[in-house]
Amino acid sequence: MTAVRTATRRPPGPQEPVSLGIDAETLATLQDLRSRYGNMVSVEKPSGRLAYFINDPSEVRRILVRRHGKYVKGPGFERVKMLLGNGLIVSDGDVWRRSRTMIQPAFSRQNVHRLMAVMVQCCDRRAAVWARAAADDEAINITSETSDFALELILICIFGADYEKRIIAGGENPFAFLSRDSTRDLSVVMRVRQVRQLLLDIIASRRNGDGGDDFDFLSVYLAATDKNGGAFTDKELLDELTTLIVAGFETSANTLNWVWYLISGNADVEAELLEEAGRILPGVSAVNVESVAAMTYTQQVLEESLRLYPPVWLFTRRSHEHDELGDYDVPPGTDIYLSPYILHRTEDFWTDPDLFDPRRFAEAGKPQKDRPYFPFSLGPRRCLGEYFSFLEMKIHIGLLLPKFRMNRVDDRHPGLDIAINLRSQKDIMLQPALR
Ligand code: HEM
């Protein structure tokens with residue numbers, strides 16, 4: 001009997017092999033493939049592996065939501081693994097499911113609300129630095145300022161009082177290299193390994209009942225148990241803490257960097273933000289859950305900034321069982337590329353896609369699922385820190401913009417640095433003036 005072999009139905013694509021990484025060339029390649037072949041493209045990599053680039057909103061949703069179980073994290077994650085071990089962002093299958101179930105409660109709204117005072121405190125520290133710069137008529141590097149803000153915030157949220165007592169006790173923040181060094185190469189991995197001993201010491205002292213009476217992420221992680229009553233081991237905790245530090249600061253820092261850049265070049269947007277902040281957050285004492293929720297225009301500005309500059313600009317997956325997308329087969333072992341950056345700027349789905357227009361997020365009643373928008377991903381692996389980051393960013397803008405007018409030192413676009421995260425190529429300098 002002859003076996004009947006059905007040919008794999010593949011989306012259109014070039015005959016010649018195509019290299020794909022996580023870099024500027026890959027962005028240009030994907031944009032070119034889309035313009036030549038449409039929203040579903042297949043390529044063969046130089047290694048012979050099949051890869052699909054999917055820019056069709058419903059198929060993207062299908063991969064991330066309904067069929068997510070057929071995919072694991074894809075190419076590029078090996079490098080992240082060197083940094084984050086088997087923490088939540090890189091793990092898959094049962095390991096991921098167990099960790100996600102144990103960690104998710106830490107991010108309940110009720111818990112995140114307990115961290116709002118820390119968000120205000122970190123804004124106050126930035127305000128003091130910016131006020132000195134304004135008085136001395138000096139420009140500030142908003143790229144490193146937003147990095148310092150977000151790094152300090154996530155470290156206090158994780159370690160509570162241990163941040164002051166143990167982390168910066170020596171005068172230097174041992175994690176500062178994360179906000180200063182934009183490469184994610186081996187030297188960063190080595191430095192992360194060096195601070196692991198400090199983290200182990202803090203974990204050990206917490207396990208001995210020392211400190212951590214207040215709410216912080218570490219105390220929730222330490223108390224978390226799986227369905228068999230098991231807790232995280234020290235090694236698992238190390239991976240999860242490193243994941244939380246990296247995931248929690250870099251994305252918010254990059255977003256705020258772009259937000260300040262966009263606001264400083266759009267007087268109308270700035271005026272509307274100021275009006276809202278003046279009405280809703282007249283001062284620090286007005287910061288509470290209800291007032292921050294009422295900052296709807298600030299929310300739109302943040303969403304629009306994340307549309308134009310999604311920090312995680314490319315997601316990769318690899319199929320581990322057969323799937324079908326539209327009329328096409330996805331054989332096991334196919335690499336999948338999805339790009340919020342490209343989808344958010346595809347003219348079929350967004351009018352005037354390169355225009356910064358926060359009002360496009362004001363269309364009340366527009367069903368979310370019709371919007372090809374996923375800066376935080378979708379489905380079961382959606383970002384755990386989404387609510388936290390909006391709260392952090394709304395408080396940051398709501399408290400600091402009314403204090404400082406920020407003027408651009410250079411009107412040219414700072415360019416894009418396209419690696420695992422989307423950053424500005426040049427640091428953005430702004431001249432603060434007290435209002
Ligand atoms: C503007 C801010 C942020 C953006 C745009 C963002 C975006 C994302 C994206 C796209 C993913 C999924 C990546 C993938 O599946 O390949 C993710 C995962 C994750 N994010 Fe965020 N993130 C932000 C802030 C935060 C913050 C502040 C925290 C923690 C405090 C956080 C914690 C996490 C964690 C733990 C995961 C892994 C979830 C899982 O795989 O189960 N993120 N984030």
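1. The second largest pocket is lined by 22 residues, among which Gln299, Glu303, Arg382, Glu386 and Phe390 lie nearest its centre, and its volume is about 420 Å³. Helix H14 (289-293), helix H15 (296-308) and H17 are the elements that give two or more residues to this lining, with H17 giving the most, five residues. A pocket here is an open set of points on a 1 Å grid over the protein atoms alone, with protein on both sides within 12 Å along at least five of seven lines, and a lining residue has an atom within 4 Å of a point.

2. This is a predicted model, in which local features need pLDDT of at least 70 and side-chain atom pairs count only at pLDDT 80 or more, while totals for chains, interfaces and linings use all residues. Residues are numbered from 1 along each chain as its sequence is written, and side-chain values use heavy atoms, with hydrogens and water left out.

3. By class, the lining of the second largest pocket has eleven nonpolar, three polar and eight charged residues. One of the residues nearest its centre, Gln299, sits in helix H15 and counts as buried because its relative accessibility is 19%, buried meaning under 20% and exposed over 50% relative accessible area with a 1.4 Å probe on protein chains only. Leaving aside residues up to four places away in sequence, Gln299 touches Phe390 and Lys394, contact meaning heavy atoms within 4.5 Å.

4. The iron atom of the ligand has Cys383 (SG) as its only protein donor, at 2.3 Å, where donors are N, O and S atoms within 2.8 Å of the metal (3.2 Å for Na, K and Ca). Cys383 is found in the loop between helix H16 (340-343) and helix H17 (386-400); helices are DSSP runs (H or I) of at least four residues, numbered from the N terminus.

5. In helix H4 (residues 93-103), the buried residues are Trp96, Ser99, Arg100, Met102 and Ile103. They lie on the same side of H4 because they cover an arc of only 165° around the axis, the arc being that of the directions from the helix axis to the C-beta atoms. Helix H11 (217-223) and helix H12 (234-264) are among what covers them, whereas exposed Asp94 and Thr101 are carried on the face turned away from the buried side.

6. The whole structure holds three cavities of 30 Å³ or more, a cavity being a set of points where a 1.4 Å probe fits but cannot get out. The largest has a volume of about 50 Å³, and H10 gives the most to its lining, with four residues.

Methods: Points joined across faces, edges and corners; volume = space filled by probe spheres on them. Nonpolar A, V, L, I, M, F, W, Y, C, P; charged D, E, K, R; others polar.
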